[in-house]
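Reader: Please take me through the helix packing in this model. I would like one part examined closely, with the residues named.

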Amino acid sequence: MSDINPLRKILIYIDGSESSILAAQFAISMAKQFSSELRVIYVVNENLLNELLKAKVFVQMEKMDYERDLEEDGKRYINYVTKLADRKGVKVETILRKGVVHEEVAHEVEEYDCDLLIQGELGEVLSLRDSFYEEGERILRKVKCPVMVVRGQDRIEKLFDEL
Amino acid sequence: MRLTEFITTDHVKLELEGTNKAEIIEELVELLVATCDVSDADTIYEAVMNREREGSTGLEKGVAIPHAKSDAVGSLSIVIGVSKNGVEFESQDEKPAHLFFMMVAPTTESGPHVQAIAKIVKIIKIDRIRDMLIKAKKSEDIVEIIRRVEDGEIA
């Protein structure tokens, strides 16, 4: 039997949603189990802010203000995941980017050369037009590696607690 | 996130009585105070008006999204108002605004705030749905239309 580890490197995409934090817990569990390297990425959705600016819902100063806020949010979420990993004795590298979310995640997948991308539950997609707005969906279509979509809060929290 | 997590019939006022921007915002802030976790109505009013001074949130086709960040709300708070006659709101197309989504979020909740605004923009861009919202006869209709959009029953 080959001793190649199919889960050498795992990347977690978090957006701050409860579901993405749950995905991070599952990723930490897997990384511990398979001795995988782990990296977490958060992307400030600069594209969405630019769209709201273009639609004149935001003014320039406001957009910059929200961008700073979202960056701070990102740092906070990443720190939280780092602490969760620390608690389980798992090391995690952190990446915070700004831009078009699915493009940044796809770029990171290639750069990190990860074996698996883990993300939270997909948002509800109302129509094909909507799927272009839903970042989880876009990531799923764009990245060139296996993707795991994590669901099942009770099961994962239990697994994480028992780890 | 779903808008209907934040919007019930209590958060909707049809027949807004205000005849100008300041009165409409005042009326919406009153609704916000009555239905959401708000500690100081004056602070909210000033925050929303200050934002309007930077640039009107009156968009096109009768819709306005007055919004602000303020720690005078405990969590993301949304109310909806409809003015049948329409109000001059310094809109992009210079036409009266009929449909108002007021949103105020604490300074620590920018993520959900941006998502909610984006979702509303997406909904009101659809002509048929925007018209249905403006012509709604009951608060229940507004909530139901948003729910149906979010459930993919209409698009």
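Author: Start with helix α1 of chain A, residues 18-34, in this predicted model. Its 17 residues should span 24 Å at 1.5 Å a residue, and the end C-alpha atoms are 24 Å apart, so expectation and model agree. Just after α1(A), A:S35 takes a positive phi of about 50°.

Take the α3 partner in detail. Two packed helices are described by the angle between their axes and the distance between the axes. For α1(A) and α3(A), the angle is about 35° and the axes are 10 Å apart. The crossing is right-handed. From α1(A) come A:A24, A:Q25 and A:I28; from α3(A) come A:V81, A:L84 and A:A85. An α-helix has 3.6 residues a turn, so residues three or four places apart point the same way. By class, this contact has five nonpolar residues, one polar and no charged.

On the α2(A) side, the contact is made by A:E46, A:L49 and A:L53. On the α3(A) side, it is made by A:Q60, A:K63, A:Y66 and A:E67. By class, there are three nonpolar residues, one polar and three charged.

Now cross to the other chain. In the model, 18 residues of chain A are in contact with 17 residues of chain B. Helices α2 and α3 of chain A each supply at least two residues of the side that touches chain B. Which helix gives the most? It is α3(A), with six residues. The residues on this side of chain A divide into eleven nonpolar, two polar and five charged.

One helix pair spans the two chains. The axes of α2(A) and helix α3 of chain B, residues 110-124, come within 11 Å and cross at roughly 50°. That angle makes α2(A) oblique to α3(B). The crossing is left-handed. A:L48, A:L49 and A:L52 in α2(A) meet B:V114, B:I117, B:A118 and B:V121 in α3(B). By class, this contact has seven nonpolar residues, with no polar and no charged ones. Note A:L49: this residue meets α3(B), and A:L49 is also part of the contact of α2(A) with α3(A).

One last stop lies in chain B. B:V73 sits in the loop between β3 (67-69) and β4 (77-87) of chain B. Is B:V73 buried or exposed? It has 25 C-beta neighbours inside 10 Å, so B:V73 counts as buried. Leaving aside neighbours within four places in sequence, B:V73 is in contact with B:C36, B:D37, B:V38, B:I44, B:V104, B:A105 and B:P106. B:I44 is 29 residues from B:V73 in sequence, yet their C-alpha atoms are 8.0 Å apart.

Terms used
Residues numbered from 1 in each chain as written. Chains lettered and ligands numbered in written order. Predicted model: local features only at pLDDT ≥ 70, side-chain atom pairs only at ≥ 80, totals over all residues. Contact = placed C-beta atoms within 7 Å. Helix = DSSP H or I, 4+ residues; strand = E, 2+ residues; numbered from the N terminus. Nonpolar A, V, L, I, M, F, W, Y, C, P; charged D, E, K, R; others polar. Expected span 1.5 Å × (residues − 1). Axes fitted to C-alpha atoms, helices over the stretch in contact; angles between N-to-C directions. Parallel < 35°, antiparallel > 145°, perpendicular 65-115°, else oblique. Left-handed = near helix turned anticlockwise from the far one by under 90°. Buried ≥ 20, exposed ≤ 12 C-beta atoms within 10 Å, placed from the backbone.
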